[in-house]
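Here are my notes on how the two parts of this chain meet. Have a look at the structure before reading on.

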Amino acid sequence: MSGLRLTYAGVMYDRTAALATGAVKPRGIDLNYLEFDYPPHIFDKMQNELGFDSSELGISSHIQKAHEKDYPFVYLPIFPSKVFRRSYMFVNKKSGIRTPKDLEGKRVGVPAWGQTAAIWQRGILANDHGVDLDKIRWVQGGVYEYGGPRGTTVRGLLKEQKVEPTPQGKTLSGMIAAGEIDALIGANIPDTFGKHPDVARLFPDARAVDREHFLKSGVFPIMHAVAVRRDVWEKDKWIAESLYEAFDAAKNLALTKMKYPGSVRYMTPWIDDELDEIETLFGGDPWPSGVEANRKTLETLMDYMVQQHMIAKKPNLDDLFLEVGGH
Amino acid sequence: MAKKARKTAPKRKVAAKTTKAKRKPAPRKAAALRLKFGCGSYDRLEALWTGAVKPKGIDLAVTRIDAPRHLFDLMDQGKFDVAEYGMTGLVVNAATGDDHFVAMPVFPSKMFRHGYIYVNRRKGVREPKDLAGRRIGVPNITQTAAIWQRGQLAHDYGADLSGVTWVTGAIDRPGPLGAGIFTPALHVTTKMEKAPPNKSLDDLLVAGEIDAILGANRAPSLGKNPDIVRLFPDYAREEREYYKRTGVQPIMHGVVVKRRLYEKNPGIAASLYRAFVEAKEKALAHLRPWGAQPIMLPWMEAELDEIDELFGGDPCSYGVEPNRKAISTLIDYMYEQGFIAKKPRVDDMFVPVA
């Protein structure tokens with residue numbers, strides 16, 4: 001029995017693994033799960049070449065571009081990557097930065113100014129910690145290898161945003177250790193963290209601060225959603241519901257597996273404690289599918305994007321996703 | 001406190017690995033020894049069943065069973081050549097000279113178990129000492145988790161459990177847990193009775209017919225019935241303090257190999273050990289991905305920091321040396337609790353794997 005053959009490119013997360021092993025099969029679809037270790041590789045191939053039928057893809061680029069003519073993707077309200085991002089903000093201890101406010105006037109590295117993680121982090125710094133983002137000088141480039149976006153301004157913004165590229169041959173990870181930048185935000189942990197004594201977290205107890213804000217706001221930052229090529233979807237619109245159901249089922253299976261009591265499923269020694277917290281804070285499911293359960297989070301991201309001059313006004317959230325799951 | 005390097009630079013090559021291709025069996029070498037291996041579905045063993053790690057010279061056929069007691073029973077019945085196996089059984093075998101199996105210093109299951117002790121609030125058990133003389137449910141008197149718990153209650157909290165009546169049965173359903181094949185002679189007087197055939201330990205605890213439960217399963221009534229609570233409400237803190245104080249991460253399961261098979265092919269121990277280590281390292285690397293979280297723990301970064309700080313980056317160490325204190329502590333507990341008449345030497349318990 002053969003279904004419609006579709007490729008999906010994604011990182012191997014617990015919540016999607018059942019789609020790779022075949023333990024969960026989307027109805028009517030023969031899904032070929034292409035496993036990647038590093039999301040930007042997926043994004044490049046999907047955005048530049050439409051290299052897959054479907055893949056995980058950044059959420060902020062979709063919010064920016066979904067209204068454009070000939071925009072090639074439709075999105076499902078499935079969110080494979082969500083990360084609390086305070087633990088991904090670093091400082092050089094000698095920079096004199098003690099509190100978020102101290103970032104004002106400093107040089108802060110970021111791998112790509114427009115990446116979703118950085119949007120969240122700037123929004124958090126500005127809205128939760130009162131940081132004036134206009135007073136930060138941005139240095140853009142590769143964290144581990146020299147390279148990354150070139151140019152001295154970020155394109156596609158409503159207001160010019162100056163950035164300084166990393167000097168020839170330098171990495172952000174090396175620069176923060178050497179004190180050549182004062183801080184670093186983004187989706188990566190510099191490889192000098194834990195090795196170089198001057199590289200430290202901006203929030204040493206990021207978990208407690210993230211938790212406190214989550215309790216107030218209910219926001220668990222979304223990084224990626226599942227995108228499908230529009231032309232692929234238009235030929236077989238039924239695949240939206242089938243994929244949505246399968247991703248949701250795979251997620252539920254992973255949650256059940258994680259709660260196995262006979263031994264720790266993963267080598268995190270205090271997974272029980274984490275599971276207790278998932279019950280009390282997240283109602284048993286920290287990764288809910290669908291627009292409704294993620295509305296507050298996505299609206300917050302769009303607010304941040306307006307503040308950061310990435311979009312003129314917020315699009316209607318419901319227009320950004322295919323109608324699935326009875327909505 | 002030296003932290004391990006958190007991430008290394010990403011490989012530039014854009015290599016998509018299709019799962020289908022990965023699962024295609026490699027051309028079989030004629031000389032490979034086919035071994036049946038039974039284990040639980042843990043991340044640290046995963047590469048062995050996907051085939052991402054293959055032990056040299058061995059064609060490993062993996063059966064996953066997520067019911068440890070059942071898995072051990074199957075090994076006792078000869079259904080596997082190699083299997084994950086309860087530490088209690090392993091120590092008893094060493095102490096009694098039962099030589100069906102040889103053991104490898106591979107420990108797929110280590111767990112802190114302070115959080116798995118439940119009490120009925122109405123029965124007046126407020127602290128460990130209140131357990132003296134009570135009726136306490138336990139799935140098997142020999143269950144490794146329960147031996148650790150009894151030892152810790154006695155040594156760390158001064159609870160006198162000598163007068164306890166142990167009520168045995170499954171926690172979450174009526175009936176016994178497992179085949180009950182493994183019941184070593186007890187060298188101390190222990191009052192034991194079986195749970196009524198139509199009641200689970202959880203039922204008994206809710207009804208107040210027992211005062212507490214020890215074991216390795218969550219009590220289904222926890223969080224649902226306000227009377228059923230953990231003996232240590234702040235168990236994770238208790239467990240961390242225990243680990244910081246003692247350096248002991250309680251071992252639940254080891255790995256055993258049929259002795260006859262091992263004696264015919266002594267090289268398999270080293271080959272399997274290397275594969276176990278490699279599979280675990282793959283799983284540890286997978287827990288540290290590129291800016292996204294591999295498993296649905298919202299505060300994964302904090303977990304990873306703690307793994308670095310408390311466990312030097314490896315929360316599931318293999319080999320005799322890093323586990324010597326945990327193994328000898330378990331042996332001490334088993335001796336005190338009457339499961340063995342003499343203590344085996346830790347070094348005599350495992351085959352060489354280097």
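The points below go from the domain layout to the contacts between the domains.

1. Ground rules. This is a predicted model, where local features need pLDDT of at least 70, side-chain atom pairs count only at pLDDT 80 or more, and totals for chains, interfaces and linings use all residues. Residues are numbered from 1 along each chain as its sequence is written, chains are lettered from A and ligands numbered from 1 in written order, and side-chain values use heavy atoms, leaving out hydrogens and water.

2. Layout. Chain A splits into domain 1 (4-82 + 223-287) and domain 2 (86-217), with bounds from an automatic or database domain assignment. Their centres, taken over C-alpha atoms, sit 27 Å apart.

3. The interface. In domain 1 of chain A, 10 residues contact 11 residues of domain 2 of chain A (heavy atoms within 4.5 Å). Together the two domains bury about 820 Å², 52% of it on carbon and sulfur atoms; that is accessible area (1.4 Å probe) lost on putting the two parts together, summed over both.

4. Charges. There are 3 salt bridges between the domains, meaning a side-chain nitrogen of Lys or Arg within 4 Å of a carboxyl oxygen of Asp or Glu. A:R207 pairs with A:E274 in a salt bridge, with the closest N and O atoms 2.7 Å apart.

5. Who supplies the domain 1 side? Helices α3 (59-65) and α9 (271-282) of chain A each give at least two residues to the side touching domain 2, and α9(A) has the largest share, 4 residues. Helices here are DSSP runs (H or I, at least four residues), numbered from the N terminus.
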